[in-house]
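Subject: Structure handover and findings

Hello,

Please find the structure below.

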Amino acid sequence: MGGDIGAGKSALALGIALRVAQQGLPVAFVSGEMDEERLMERALAIEGRVAVDELRSAKMSDTERAGIGGAAVRLRGCR
């Protein structure tokens with residue numbers, strides 16, 4: 001996949017990988033730029049439907065926090 005810096009290439013690829021994994025299919029996600037911790041942080045933000053910056057700063061509403069909790073439970077089986 002190619003595109004400008006910050007265009008959303010990694011987010012798109014990770015979103016697709018998450019959906020495939022949630023279907024119970026094996027997925028490999030290879031990145032030369034993200035370590036496992038950052039990858040999981042981005043996956044949590046995508047699945048929880050919050051911005052990564054909001055997740056990092058913990059500036060979220062109660063509804064968003066609940067969404068992150070649910071996302072963490074769903075992602076637990078995708079690792």
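First, a term. A patch is made of residues with over 30% relative accessible area and no salt bridge; like charges are joined within 9 Å, and nonpolar side chains (Val, Leu, Ile, Met, Phe, Trp, Tyr) within 5 Å. Accessible areas come from the Shrake-Rupley method with a 1.4 Å probe, and for residues only the protein chains shown count as cover.

Two notes on the source. This is a predicted model, so local features need pLDDT of at least 70 and side-chain atom pairs count only at pLDDT 80 or more, while totals for chains, interfaces and linings use all residues. Residues are numbered from 1 along each chain as its sequence is written, and side-chain values use heavy atoms, with hydrogens and water left out.

Surface patch

One nonpolar patch on the surface is formed by M1, L12, I16, V20, L25 and V27. Together these residues have about 570 Å² of accessible area. V27 sits in the loop between α1 (9-22) and α2 (36-48). Helices here are DSSP runs (H or I, at least four residues), as are strands (E, at least two), numbered from the N terminus. The cut-offs are under 20% for buried, over 50% for exposed, and in between for partly exposed (1.4 Å probe, protein chains only).

S10 lies in helix α1. S10 is partly exposed, with 24% relative accessible area. In sequence, S10 and E33 are 23 residues apart; in space, their C-alpha atoms are 9.6 Å apart.

Helix packing

Two packed helices are described by the angle between their axes and the distance between the axes. For α2 and α4 (residues 62-76), the angle is about 120° and the axes are 8 Å apart. Axes are lines fitted to C-alpha atoms, for helices over the stretch in contact, and angles run from 0 to 180 degrees between N-to-C directions. α2 and α4 are therefore oblique to each other. On this scale, under 35 degrees is roughly parallel, over 145 roughly antiparallel, 65 to 115 roughly perpendicular, and the rest oblique. The crossing of α2 past α4 is right-handed.

Salt bridges

Side chains of opposite charge can pair when their charged atoms come close. How many salt bridges does the structure hold? There are five. The criterion is a side-chain nitrogen of Lys or Arg within 4 Å of a carboxyl oxygen of Asp or Glu.

One of them pairs E47 with R19, with the closest N and O atoms 2.8 Å apart. This pair links distant parts of the chain: E47 is in helix α2 and R19 in helix α1, 28 residues apart. E47 is buried, at 10% relative accessible area. R19 counts as partly exposed, at 36%. For another view of E47, take D35: the two are twelve residues apart in sequence and 18 Å apart in space, C-alpha to C-alpha.

E41 and R56 also meet through their side chains, in a salt bridge of 2.9 Å, N to O. E41 lies in helix α2 and R56 in helix α3 (residues 52-57), so the pair ties together parts 15 residues apart in sequence. E41 is partly exposed at 22%. R56 is partly exposed too, at 46%.

R56 has a salt bridge with D53 as well, at 4.0 Å, N to O. Both residues lie in helix α3, three residues apart, about one turn of the helix. D53 is exposed, with a relative accessible area of 56%. Elsewhere, salt bridges that share partners join R19, E47 and R74 into one network.

Backbone points to check by eye

Most residues other than glycine have a negative phi, and most peptide bonds are trans. R49 is not a glycine, yet has a positive phi of about 60°. R49 is in the loop between α2 and α3. At 71% relative accessibility, R49 counts as exposed.

A58 also has a positive phi, near 60°, in a residue other than glycine. Where is A58 found? A58 is in the loop between α3 and α4. A58 is partly exposed, at 41%.

Best wishes

Conventions. A crossing is left-handed if the near helix is turned anticlockwise from the far one by less than a right angle, and right-handed if clockwise.
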